[in-house]
Amino acid sequence: MSIDLRSETRALFVRVFTANQTATEIIIPTIANTVTIGCEQHDIYWSDQGTHGQVLGTNKDWLSGGAKQQVKVGRGSNRTNRIYIQTKSSSSALVTLIFEET
């Protein structure tokens, strides 16, 4: 099931979810302009392209366990409204997302 955060109105909030080896769709709230992605223990992939429940294709980025990456989602017609996250090799992993209005 996708994680739909469009109704979120806080300018800064954290969301933790369990990712697995197929993509989880995260629908980004309109108030957020920046998303920080991290996973404490496991390597993960993220992309702005994908389908919920499917394995991500070649257009993805790798993030090692313990690292964080900040992503600007853009504004207006250049905005990315969704990101997709899956584990690299672990069966599941807790992923932390920090949404900010910048």
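Student: Why is strand 8 (residues 82-87) described as largely enclosed by the rest of the structure?

Tutor: In this predicted model, 5 of the 6 residues of strand 8 are buried, so the strand is largely enclosed by the rest of the structure. Buried here means under 20% relative accessible area.

Student: What makes strand 3 (residues 24-27) and strand 8 a pair?

Tutor: Pairing requires at least two bridges between the strands. Strand 3 and strand 8 are joined by 4 bridges in the antiparallel sense, and in this arrangement I27 stands opposite R82 of strand 8.

Student: How do you know that strand 5 (residues 44-47) and strand 8 pair?

Tutor: The requirement is again at least two bridges, and strand 5 and strand 8 have 4, in the antiparallel sense. Within strand 8, Y84 is the bridge partner of S47.

Student: Why is the aromatic pair of F13 and F99 called stacked?

Tutor: Ring centres must lie within 6.5 Å to pair, and planes under 30 degrees apart count as stacked. The model contains 1 aromatic pair by this rule. For F13 and F99, the values are 4.8 Å centre to centre and 15° between the planes, and the pair is accordingly stacked.

Student: What makes this a link between distant parts of the chain?

Tutor: F13 belongs to strand 2 (residues 12-20) and F99 to strand 9 (residues 92-100), and the two residues are 86 residues apart. Both F13 and F99 are buried.

Student: How do you know that K60 lies over the face of Y45?

Tutor: The charge must be within 6 Å of the ring centre and within 35 degrees of the ring normal. K60 is at 4.4 Å from the ring centre of Y45 and lies over its face.

Key:
Residues numbered from 1 in each chain as written. Predicted model: local features only at pLDDT ≥ 70, side-chain atom pairs only at ≥ 80, totals over all residues. Heavy atoms only, no water. Buried < 20%, exposed > 50% of the residue type's maximum accessible area, 1.4 Å probe, protein only. Phe/Tyr/Trp six-rings, centres within 6.5 Å; stacked < 30°, edge-to-face > 60°.
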